[in-house]
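Hi,

Here is the structure I promised to pass on to you. Have a look at it first, and then read my notes below.

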Amino acid sequence: MQELLQYLFSGMTNGAVYAVIALGFSMLYSSTDLINFAHGEFVMLGALCMVSLTAGAGLALVPAFFVTVAAVAAAGMLFERLAIRPVRHPQPIVLIIITVGASIFLRGTGMLIWGKDAHSMPPFLDIAPIDIAGARLLAQSVWILVIVTALAAGLHLFYKKTLTGKAMTACAVNKKGAWIVGIPFKWMVLLAFGMSTGLGAVAGASIAPITMSSYDMGTILGLKGFCGAMLGGLGSLWGAILGGFLLGILEAMGVGFVSSGFKDATAFLLLLLVLYVRPQGILGTAEVKRF
Amino acid sequence: MRFVRKDSPLLLAAALLTAVVFASAFPALAESGEKTWKIGGIFSITGPASFLGDPEKKSMELAIEEINAAGGVDGRMLEAVIYDTEGDPSKAVMAAGKLINKDRVTAIAGPSRTPTTLAVVPMVERANLPFVSCAAGNKIVEPIKPWVFKTAQSDIQAVASIYAHIEKQGIDRIGTLTVANSFGESGREQLIEQAGDFGITVVRSESFGAGDTDMTSQLTKIRQEKPGAVICWGTNPGPAVVAKNAEQLGLDIPLYQSHGVASPKFIELAGDSAEGILLPTGKILVADLLPDDDPQKQVLTDYIDAYETRYDETVSGFGGYAYDAVYLLARAMEGTGGDKEKIRENLENIKGHVGISGVFSFSQTDHNGLDPSAFVMVRIADGKWQLVK
């Protein structure tokens with residue numbers, strides 16, 4: 001029982017991180033039809049910015065967190081403005097290849113700025129792990145769970161209650177239609193990029209204290225987040241969250257009850273299975289297009 | 001296609017001009033072919049294993065400078081030709097190809113990692129080139145390959161040092177947690193193979209991915225078996241995450257790490273969680289703590305002084321592999337006139353060479369040349385290393 005609970009905690013911590021990353025993928029996809037393969041790199045930027053601002057520049061946690069998210073979101077918007085918008089024939093495949101290129105570029109930039117070593121930082125609150133029936137949960141994990149819940153609720157409200165959110169949904173449904181009724185489509189895409197990469201930064205900044213951050217951490221995190229998004233249904237807000245958590249928990253259970261050698265295999269096997277049985281993902285409803 | 005017309009006088013002039021400029025800019029290169037011996041270096045200078053390759057490259061350059069300043073080998077200067085593998089076996093193969101076919105080096109030092117080394121071993125064997133690897137895995141010299149040597153202490157000696165310490169504590173059940181790459185695999189094999197010799201049982205053996213962010217599941221699974229100690233085998237940053245997770249779980253049994261994390265970086269990454277962790281390390285990390293009668297003390301302090309003056313940064317525990325490789329090769333080259341078979345024979349016959357990583361005595365059956373005395377056990381206390389008897 002104690003073990004099961006410990007696996008669950010471990011899975012929830014990782015799962016929450018995957019969920020935030022999956023959210024970033026998903027919301028960008030739903031408003032622009034684009035998969036940003038550089039998303040993992042924005043997570044890396046978030047983590048390393050956070051480390052630099054707190055451990056390096058000595059900024060307090062809360063301002064450091066917001067500065068990090070704002071800076072990375074700005075970098076994401078800059079990326080959209082400089083690399084995505086100028087493309088003359090924006091077919092999905094072209095844009096996706098651009099994002100792959102951007103990921104390599106960002107990883108190189110990260111290496112130049114932060115060096116090749118890993119970095120670590122202290123947790124948000126330096127308190128002892130919480131003991132529940134013999135299983136230990138880090139206070140930082142609780143933070144991450146709180147952040148995920150807040151983000152999900154915030155995004156839900158944004159899409160359902162605000163004019164901008166509704167406009168963004170409209171763009172996702174029908175670009176031309178949205179343009180005809182006067183929604184500034186280009187601004188919506190820019191905003192979607194900023195929000196999506198900002199979410200990446202949130203994921204990065206929240207995991208920086210529990211793990212090590214280095215310039216090459218983004219690739220695997222991005223892949224896991226993408227898996228989570230696909231699993232839950234690309235383009236669905238709650239699907240991304242469900243997919244991320246499911247992936248993290250199954251991974252931890254896989255380690256606990258099968259073998260730690262199959263940890264990553266579990267994730268990708270699951271993805272293949274879901275794509276085979278239900279290509280639109282667990283909560284996905286939109287028809288999946290092939291490009 | 002008017003640019004490539006064969007009779008374009010302008011093009012010819014430009015080509016000539018370029019040739020002249022290059023020849024005059026590098027006069028040393030043009031005439032050095034006769035007088036120097038080239039030693040190739042292949043290191044993971046950038047990429048995830050740069051903590052190995054970067055100090056190795058610098059140490060190799062330092063050793064070459066020192067040897068040349070002392071008059072070279074038989075009056076000939078040495079020249080280093082160094083390539084970066086980024087820790088990637090396929091890039092290591094390309095680098096080895098360039099060194100063998102284009103640069104025509106006399107010998108090769110490096111690569112830094114076991115996978116990159118294993119990738120280039122078949123090439124140097126085919127080319128009959130003396131080759132001294134800087135990687136740790138003992139698969140490199142096991143089974144013995146005539147042209148392949150290595151300077152880094154291997155897992156065999158590291159495991160023997162850890163087990164000797166565990167045996168002294170009266171612990172007979174252990175769990176292992178190894179990284180899922182060839183460094184971890186090689187460590188795991190040795191841990192299982194040597195356990196019987198020390199009366200130790202490995203009750204559970206788990207693994208983790210090199211980039212994993214959480215290892216509490218593996219540690220929980222190991223804890224179920226109630227072992228007396230846990231041995232983690234990996235290179236940064238994974239083992240630092242393991243240290244943090246062990247503290248999180250309140251694991252109250254000794255945690256041993258491998259020599260793969262024997263650097264101040266590990267203490268920095270793991271922070272308070274590093275307290276009390278035990279690990280084997282080459283003597284360089286604790287050179288100032290060594291007793292004066294230690295045979296390596298002098299060599300170590302000289303190297304550390306030279307490195308820190310030359311590069312203005314703290315010496316790393318890994319650069320010594322390349323430093324030893326160059327000195328061993330230079331020693332083997334003496335009196336050979338560059339004959340590769342003779343260099344190989346000389347290498348095999350070197351006895352009692354006091355280096356950074358230990359006292360090397362090679363033989364036909366031992367191409368690593370080190371014994372467990374190359375390692376000392378240290379404990380991390382107050383963020384510092386402490387010699388353990």
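In what order do the five strands of the open sheet in chain B come? The order is S2-S1-S3-S4-S5, and the pairing is parallel. Two strands count as paired if DSSP finds at least two bridges between them. Helices (H or I, at least four residues) and strands (E, at least two) are DSSP runs, numbered from the N terminus.

Before we go on, please keep in mind that this is a predicted model: local features need pLDDT of at least 70, side-chain atom pairs count only at pLDDT 80 or more, and totals for chains, interfaces and linings use all residues. Residues are numbered from 1 along each chain as its sequence is written, while chains are lettered from A and ligands numbered from 1 in the order in which they are written.

**The sheet in chain B**

Strand S2 (77–84) and S5 of chain B stand at the edges with a single partner strand each, so one side of each has no neighbour in the sheet. From one strand to the next, the twist averages 25° (axes are lines fitted to C-alpha atoms, for helices over the stretch in contact, and angles run from 0 to 180 degrees between N-to-C directions). Strand S1 (residues 36–43) of chain B pairs with S3(B) over three bridges, in the parallel sense. To find your way there, look for Gly41(B), which stands opposite Ala109(B) in S3(B). H12(B) packs on the sheet and touches S1, S2, S3 and S4 of chain B. The direction of H12(B) makes about 160° with that of S3(B). Here "touching" rests on contact: two residues are in contact if their C-beta atoms, placed from the backbone, lie within 7 Å.

**Two domains in chain B**

The domain assignment of chain B gives domain 1 (29–152 + 297–371) and domain 2 (156–288 + 375–388); such bounds come from an automatic or database domain assignment. The C-alpha centres of these two domains of chain B lie 29 Å apart. In chain B, 19 residues of domain 1 are in contact with 15 residues of domain 2. H5 and H11 of chain B each supply at least two residues of the side of domain 1 that touches domain 2, and H11(B) gives the most, with four residues.

**Where the chains meet**

How many residues of chain A are in contact with chain B? There are 28, and they meet 29 residues of chain B. Helix H1 (2–32), helix H10 (237–258) and helix H11 (263–277) of chain A are the elements that give two or more residues to this side of chain A. H1(A) gives the most, with six residues. By class, the side of chain A that touches chain B has eleven nonpolar, ten polar and seven charged residues. In this count, Ala, Val, Leu, Ile, Met, Phe, Trp, Tyr, Cys and Pro are nonpolar, Asp, Glu, Lys and Arg are charged, and the others, Gly among them, are polar.

**Two covered helices**

A residue is buried if 20 or more other C-beta atoms lie within 10 Å of its own, exposed if 12 or fewer, and partly exposed in between, with C-beta atoms placed from the backbone. In helix H8 (residues 216–224) of chain B, eight of the nine residues are buried. Their cover includes H1 and H10 of chain A, together with elements of chain B such as helix H9 (238–249). In H3(A), the buried residues include Phe65(A), Val72(A) and Phe79(A). The buried residues of H3(A) pack against helix H2 (39–56), helix H4 (92–114) and helix H8 (185–207) of chain A.

**Some backbone details**

Most residues other than glycine have a negative phi, and most peptide bonds are trans. Here are some exceptions to look up:

- Gly110(B) and Pro111(B) are joined by a cis peptide bond, with omega about -5°.
- Glu142(B) and Pro143(B) are also joined by a cis peptide bond, with omega about 5°.
- Ala133(A) has a positive phi, near 50°, and is exposed, with 9 other C-beta atoms within 10 Å.
- Asp312(B) has a positive phi, near 55°, and lies in the loop between helix H11 (297–311) and helix H12 (319–333) of chain B.

Happy exploring!
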